[in-house]
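Student: I'd like to learn how to read pockets and salt bridges off a model. Can we walk through one together?

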Amino acid sequence: MDDPTNKASLREPCVPGLFSEEGEPSLHGARCTCCNTPYFPRVAACRNPGCDESRIVPCTFGGEGRLWSYSVADFPPPPPHRYDKPFVPYAIGVVDLDSGLRVVGQMVDPVEFMQVGSRVRLVIEPIHHEDGRAFTSWKFKLLDR
């Protein structure tokens, strides 16, 4: 396993197509133009039971939001998940983005700094390193810290 502090690693998304880090980090989702319901990842049809007509269009989500809730992962995730060793506990946040999407993601900051209601920003960060590559995913960084 490569040294996770090696900043020269080639960055590669864990799941291509779900997000981008060019310019401002963003998640690739969709929104129903009939009822305004946001979706991530993209969907083919609106799942809102109150929607009269499903009209899904591609949409990107990013920027800032608020930490709605969080949980602490204090044990290593089971395979097929990967992580840099030694395992360090981390927070998993439920974030309400200002764009209207509620999404779950790993938090960048240490667990002891988590506080419901804190402002956060979407970032793209490595989740593990392997063979000279940094495998990236979306995460959230506290702004109130």
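Tutor: One cut-off to start with: a residue is buried under 20% relative accessible area, exposed over 50%, and partly exposed in between. Arg-121, with a relative accessible area of 28%, is therefore partly exposed. Keep in mind that this is a predicted model.

Student: Arg-121 has a charged side chain, so what does it pair with in a salt bridge?

Tutor: The general idea goes like this: side chains of opposite charge can pair when their charged atoms come close. Here, Arg-121 forms a salt bridge with Glu-24, and the closest N and O atoms are 3.6 Å apart. The two residues sit 97 apart in the chain, with Glu-24 in the loop between strand 2 (19-20) and strand 3 (26-32) and Arg-121 in strand 9, so the pair links distant parts of the chain.

Student: Is Glu-24 buried or exposed?

Tutor: Glu-24 counts as exposed because its relative accessibility is 57%.

Student: How many salt bridges does a search of the whole structure find?

Tutor: It finds ten. One of them joins the side chains of Arg-102 and Asp-96, at 2.6 Å from N to O. Arg-102 is partly exposed because its relative accessibility is 44%, and Asp-96 is partly exposed as well, at 26%.

Student: Which residue does Glu-130 meet in a salt bridge?

Tutor: Arg-82, with 3.6 Å from N to O. That pair also links distant parts of the chain: Glu-130 is in strand 9, Arg-82 is in the loop between strand 6 (64-73) and strand 7, and 48 residues separate them. Glu-130 counts as partly exposed, because its relative accessibility is 24%.

Student: Okay, on to pockets. What volume does the largest pocket have?

Tutor: First, the idea: rolling a probe the size of a water molecule over the atoms shows where empty space is left. In this model, the largest pocket has a volume of about 1200 Å³. Its lining is made of 42 residues, and those closest to the centre are Gln-106, Pro-126, Ile-127, His-128 and Lys-139.

Student: Which elements give two or more residues to that lining?

Tutor: Strand 7 (90-97), strand 8 (102-107), strand 9 (119-130) and strand 10 (133-142).

Student: And how does the lining of the largest pocket divide by class?

Tutor: There are 24 nonpolar residues, ten polar ones and eight charged ones.

Definitions and conventions
Residues are numbered from 1 along each chain as its sequence is written. This is a predicted model: local features need pLDDT of at least 70, side-chain atom pairs count only at pLDDT 80 or more; totals for chains, interfaces and linings use all residues. Side-chain values use heavy atoms; hydrogens and water are left out. On a 1 Å grid over the protein atoms alone, a cavity is a set of points where a 1.4 Å probe fits but cannot get out, and a pocket is an open set with protein on both sides within 12 Å along at least five of seven lines; lining residues have an atom within 4 Å of a point. Grid points are joined across faces, edges and corners, and a volume is the space filled by probe spheres set on the points. Helices (H or I, at least four residues) and strands (E, at least two) are DSSP runs, numbered from the N terminus. Ala, Val, Leu, Ile, Met, Phe, Trp, Tyr, Cys and Pro count as nonpolar, Asp, Glu, Lys and Arg as charged, and the others, Gly among them, as polar. A salt bridge is a side-chain nitrogen of Lys or Arg within 4 Å of a carboxyl oxygen of Asp or Glu. Buried means under 20% relative accessible area, exposed over 50%, partly exposed in between (1.4 Å probe, protein chains only).
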